[in-house]
Amino acid sequence: MQKSIDMQELLEAIESSDSEKVPESLSGMFSGPMDRPIYDQGPAASQHRNPFYDPGESIFSQLLERILQGYALKLENEGEESSASLDILLDGVSDSVLIMSPSGKIIEANQAFFRTFGYQRSDLIDSPIYELLPEGYRAAFHQRLADFSMQGDAPRSATPDDILAFRGLLHDGSVVSMDCLLTAIQLGNEPAVIALIRDLSFDHALFQQLKETREHYVALSETITEAIFRLDDEFNIIFANSGVKNTFGWEREEVVHQPFSILFPPEVFAKHEGEFRKYFYVDDQDRKAVGLKRTFEFLGTTKHRGVAPMEMSFGNSKEHKGRTLTCVIRDITQRKTIERKLRHLAFHDKLTGLGNRDLFNEDMANMLANPEHDSSWRGCVLFLDLDGFKHVNDTLGHDAGDELLIETGRRLRVCLREHDTAYRFGGDEFVVVLSNIKDVSDGVIVAERILASVSDLYILRSKSKNSGSRVNVGVSIGVAIIPDNGATIEEATKSADIAMYCSKEEGKNRYTIYDPAVSAKATARWQMEQEMKTALGDGGFKLFYQPIVGADGKVRGMEALSRWRRTDGDQVPPSVFIPLAEESGMIIPLGDWALRRACYDTRRIHDRGFKDIYVSVNVSSHQFEQPNFADELESIVKGSGLSPSCLKLELTESTIMHDTKDAIERFNDIKKRLPGISFMVDDFGTGYSSLAYLSQLPVDALKIDISFVLNLAELQNEKVVNAIINLGHSLKLDIVAEGIETKEQWAYFSERDCGFMQGYYFLRPAPLEEVYALIAKEAKAEAIAAGNAASAKSPLTA
Ligand code: C2E
Ligand code: MG
Ligand code: MG
């Protein structure tokens, strides 16, 4: 009987946020049916279709007919069989069936009736029905019953007007909403009323649940700031939440019953309509298989803001009226703005605002893949490297250097056509791409324009110097034509880079068009530089050590010297790869690597019991002048666990003299961070150290330049060597002589009280283990000598 509620209608009422749409037959349920007067069946109740009660061929009329037949038989025969068949008939009905006299005396009822009210059959037969009603309902029920039984004597089909709502008083004292359908009948000659009673508590519970679900749904859809729409399969909006206002600026009333297409620019809707339609019929779990995305980005039309980027997700459902599609649409303007900003940050150089290497690669890939390019198409890559940038940076400071780069970026933009682009690859390296040229002459025109523009005077206002500086720089340019000098990104950039090398080698501040015939030397150099970049990560570099001995010939320390073997097996001397590394900037990672390796290796020697051995590491001027050099050094030394007192940094005289004030500040800073660390002036005697400065420098040792030692026989050199030794002694600095190849040279320096010596005579630069073996051998010899001396003195062995 519970089925008799029209679920469809109920669901529709629940879904509608508009209470006017709730069918009246159900509206009481929304407001609490228990509180309504019992005979409150408005005229609209008759609209409520109920297959059970319906006039005509309703289930009830059929049932009624059969009950009456059964009863007639029972009266006629009073036979066991007919009585039993009536009982079976009544008990086969799941709702309560009751036959009573017009005065309300219960004559007969089925099992369901007794079960519902909680009584035994014997308790109720011949009792008045009113005992089963709460006090306040009895009079009204009685009246209704009397009216009803007077209406006629012939059985007739029930009409919905015959349904009356009341409340039943159960045996356990609880009061339950029910409704019943009364029909006047004749039992033999006696008038009677037959009642079909439904317990509404289940319907009420179900309804309550649906009502709560509806409230949750409404609360949810109203708290969401996104727009929610439901569409019928004609793409009409049948529901919209208040988020529509927030997202599109429309009131929900303005969009409900409108076509979905009003939310899009016409071309956008036309483009996506087919795809949208698929979401109607493909269930969520099957979307991936047919290539439908979970979310959909598009441009939506707002009421006041024109078009805006939106994101939509879909959920379809089958309903009695067909399929509907629920769309949740959010405005993603803000997200898109952030994405754009992040992308800009990721693909642009912060200083100049030009694109970076990643953007260059992306743009180049797009350009090379452009389907509109036929075989006559030509592009061009120009590689640019400023001449004299380092000097500006060193003399005027980094602010001025930055300003120079910013201004160069601006000048490059001015030199280019709309479709051509400038990028900064880092440092003073710029790249220009011409997306469409007639022939090489177009590349030449741009190169000449850039040369002229960059050669113009720069006026830099460096903050640190607090005044404008007039500066001239140049630019070395390499030009490569695509696809002639390289059809891929790698080949085209390599050719332009090599051509730029040629410009540098030929005197700078010029352009060179790539020519494989004349670029052989530059190509080899370029190749080496590229290989060097990968060698550092691939273990191509090794660190060798050369012992530094005291005047007694015993090892006191060792100098770390880098070695590079190319993949073809060639050993490249430091005199070749160090300048190349300095030019390409590779010296920074290479120098850091050597420093770290040296600290860890020396720490290993200490761990083996030789805690006094020190290591001397060469530091290039580029490395030393890095703003974060002290931080990097501190972290490496502390990370290795090496005592700073066992680390000496070798800097050339020119590095220190380049900006003595700055060098002094750096030395002092480093000494504060790493107490005990020493600084040594390498290749001393070749530069122009003034005595006045040397006495102020916080350096600890001087290393006599190898050329004086190797050519000691020349009187001039001998004089210089003696002067350096005397200077060192008077300034209380250690003196190291390197390049000791002979016993005589060793003797010469030992006699002059030169504290430390280094040279092939003792050992050539060698792998760590060889140096360690020498140290261990010396220690062993010393122990044996000490043992012999001890045993010679011992009274026992005497
Ligand atoms: P340097 O620092 O003055 O190193 C001494 C150079 O003299 C080394 O050359 C060493 O092998 C060589 N030498 C030592 N004893 C003798 C000898 O008795 N006779 C002769 N003829 N030569 C001797 P090497 O290893 O070729 O290094 C050359 C330069 O390269 C070094 O000069 C140093 O300035 C630079 N260098 C080497 N490794 C590194 C490094 O890791 N970083 C930096 N920044 N520079 C390095
Ligand atoms: Mg050195
Ligand atoms: Mg040296």
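The magnesium ion (ligand 3) is held by Asp 682 (OD), Asp 683 (OD) and Glu 738 (OE), at 2.0 to 2.5 Å. Donors here are N, O and S atoms within 2.8 Å of the metal (3.2 Å for Na, K and Ca), and water is not among the atoms, so sites may look incomplete. Along the chain, the donors of this ion follow the spacing D-D-x54-E. Asp 682 sits in strand β23 and Glu 738 in strand β25, a pair that links distant parts of the chain, 56 residues apart. Helices (H or I, at least four residues) and strands (E, at least two) are DSSP runs, numbered from the N terminus. Both Asp 682 and Glu 738 are buried, where buried means under 20% relative accessible area, exposed over 50%, and partly exposed in between (1.4 Å probe, protein chains only).

A word on the model itself: it is predicted, local features need pLDDT of at least 70, side-chain atom pairs count only at pLDDT 80 or more, and totals for chains, interfaces and linings use all residues. Residues are numbered from 1 along each chain as its sequence is written, chains are lettered from A and ligands numbered from 1 in the order in which they are written, and side-chain values use heavy atoms, with hydrogens and water left out.

Which residue coordinates both the magnesium ion (ligand 2) and the magnesium ion (ligand 3)? Asp 682 does, and the two ions are 4.0 Å apart. Glu 559 and Asp 682 are both buried.

A salt bridge is a side-chain nitrogen of Lys or Arg within 4 Å of a carboxyl oxygen of Asp or Glu. Glu 738 is in strand β25 (residues 734-738) and Lys 703 in strand β24 (residues 701-704), 35 residues apart. Both residues of this pair are buried.

The structure holds 47 salt bridges.

| Pair | Closest N to O distance |
|---|---|
| Lys 638 and Glu 634 | 2.7 Å |

Lys 554 is partly exposed at 31% relative accessibility, and Glu 782 is partly exposed at 42%. Lys 638 and Glu 634 belong to helix α22 (residues 629-640), and because they are 4 residues apart, about one helical turn separates them. Lys 638 counts as exposed, at 52% relative accessibility.

Salt bridges also join into a network that links Glu 226, Glu 297, Glu 311, Arg 330, Arg 335, Lys 336 and Glu 339.

Is Arg 323 buried or exposed? At 18% relative accessibility, Arg 323 counts as buried. Arg 323 is found in strand β10 (residues 322-331), and its side chain reaches the backbone oxygen of Phe 280 at 3.0 Å. Leaving aside neighbours within four places in sequence, Arg 323 is in contact (heavy atoms within 4.5 Å) with residues including Leu 231, Asp 232, Asp 233, Tyr 281 and Asp 283.

On the surface, Ile 338, Leu 342 and Leu 345 form a nonpolar patch with about 310 Å² of accessible area together. Such patches are made of residues with over 30% relative accessible area and no salt bridge, with like charges joined within 9 Å and nonpolar side chains (Val, Leu, Ile, Met, Phe, Trp, Tyr) within 5 Å. Accessible areas come from the Shrake-Rupley method with a 1.4 Å probe, and for residues only the protein chains shown count as cover. Ile 338 has its place in helix α12 (residues 333-347).

Finally, the chain as a whole has 29 helices and 26 strands. Buried residues make up 46% of its 798 residues. Among contacts between residues at least 6 apart in sequence, 60% join residues at least 24 apart. The chain exposes about 39900 Å², and carbon and sulfur atoms supply 53% of that area.

Methods
A polar contact is a pair of N or O atoms within 3.5 Å; within protein, one must be able to donate a hydrogen and the other to accept it, and residues adjacent in sequence count only if both atoms are side-chain atoms.
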